[in-house]
Amino acid sequence: MPRAYVGLGANLGDREGSLRAALAALGATEGIEVVAVSTLRETDPVDYLDQPRFLNAAAALDTTLAPRALLDALLEVERSLGRTREGPRFGPRTIDLDLLLYGEESFDEPGLTLPHPRLHDRAFVLEPLAELDPGLVVPGRGPLETLLRNLE
């Protein structure tokens, strides 16, 4: 069963409640088992700066779902928790679930690129991943510890 990693973020409303509800919904989804969750961390916004701070985490999932089906499940959880795609890109949101990694696979098709194309540039993603699996190697990018060191 492949191990997938998902980034979670929220900066509107009850941020912690939204993250916990998303994790519960994922755990209740057939074909998904939430096996580990990083600590929650407050982070500054990136790209679109004029918005509230985020609460971020990462989760490790074991899944029988194919990458596209897993992404569809993440998007359905977002919708169920009130996520809309209105407003500026990278703007405020009630919940954000990003499929970061899916096993050791690299994948590139419309709407789904794995590993996540900005994963290596974002400490708020790399730090919780390193907490879950310090020895993790990002396909095509290298070890997490090297990626984190390159951000410093």
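# Salt bridges, a helix pair and a cis peptide

Twelve salt bridges turn up in a search of the whole structure. The model is a predicted one. One of the bridges pairs Arg41 with Glu131, at 2.5 Å from N to O. Arg41 sits in strand β3 (residues 41-43) and Glu131 in helix α3, so this pair ties together parts that are 90 residues apart in sequence. Helix α3 (residues 123-132) also packs with helix α4 (residues 144-151). Elsewhere, a cis peptide bond joins Leu114 and Pro115.

- Strand β3 holds Arg41.
- Arg41 counts as buried because its relative accessible area is 18%, and the cut-off for buried is under 20%.
- The side chain of Arg41 makes a polar contact of 2.5 Å with the side chain of Glu131.
- A polar contact of 3.1 Å links the side chains of Arg41 and Thr39.
- Leaving out residues up to four places away in sequence, Arg41 touches Phe54, Leu55 and Asn56, and also Glu127, Pro128 and Glu131.

- Glu131 belongs to helix α3.
- Is Glu131 buried, partly exposed or exposed? Its relative accessibility is 36%, so Glu131 counts as partly exposed.
- With residues up to four places away in sequence not counted, Glu131 touches Ser38, Thr39 and Arg41.
- Glu131 and Ala36 are 95 residues apart in sequence, yet their C-alpha atoms are 10.0 Å apart in space.

**Other salt bridges**

- Side chains of opposite charge can pair when their charged atoms come close.
- Glu42 forms a salt bridge with Arg53, and the closest N and O atoms are 3.3 Å apart.
- Glu42 lies in strand β3 and Arg53 in the loop between β3 and β4 (54-63), so the pair ties together parts that are eleven residues apart in sequence.
- Glu42 is partly exposed, with a relative accessible area of 42%.
- Arg53 is partly exposed too, with a relative accessible area of 35%.
- Arg79 and Glu76 meet through their side chains in a salt bridge of 3.1 Å, N to O.
- Both Arg79 and Glu76 lie in helix α2 (residues 67-80), three residues apart, or about one turn of the helix.
- Glu76 is partly exposed, at a relative accessible area of 42%.
- Which residues do shared partners join into one network of salt bridges? The network consists of Arg15, Glu42, Asp44 and Arg53.

**Packing of α3 with α4**

- Two packed helices are described by the angle between their axes and the distance between the axes.
- For α3 and α4, the angle is about 145 degrees and the axes are 10 Å apart.
- The crossing of α3 past α4 is left-handed.
- From α3, the contact residues are Ala123, Leu126, Glu127, Leu129 and Ala130.
- From α4, the residues that meet them are Leu144, Leu147, Leu148 and Leu151.
- By class, this contact has eight nonpolar residues, one charged residue and no polar ones.

- His120 is found in the loop between β7 (112-114) and α3.
- Is His120 buried or exposed? His120 is buried, because its relative accessible area is 16% and buried means under 20%.
- The side chain of His120 makes a polar contact of 3.4 Å with the side chain of Asp121.
- A polar contact of 3.4 Å also runs from the side chain of His120 to that of Arg141.
- Neighbours within four places in sequence aside, His120 is in contact with Leu126, Arg141, Leu147 and Leu151.

**The cis peptide**

- Most peptide bonds are trans.
- The bond between Leu114 and Pro115 is cis, with omega at about -10 degrees.
- Pro115 is found in the loop between β7 and α3, and His120 is found in that loop as well.

Methods
Residues numbered from 1 in each chain as written. Predicted model: local features only at pLDDT ≥ 70, side-chain atom pairs only at ≥ 80, totals over all residues. Heavy atoms only, no water. Axes fitted to C-alpha atoms, helices over the stretch in contact; angles between N-to-C directions. Helix = DSSP H or I, 4+ residues; strand = E, 2+ residues; numbered from the N terminus. Left-handed = near helix turned anticlockwise from the far one by under 90°. Contact = heavy atoms within 4.5 Å. Nonpolar A, V, L, I, M, F, W, Y, C, P; charged D, E, K, R; others polar. Buried < 20%, exposed > 50% of the residue type's maximum accessible area, 1.4 Å probe, protein only. Polar contact = N/O pair within 3.5 Å; in protein donor to acceptor, adjacent residues only side chain to side chain. Salt bridge = Lys/Arg side-chain N within 4 Å of Asp/Glu carboxyl O.
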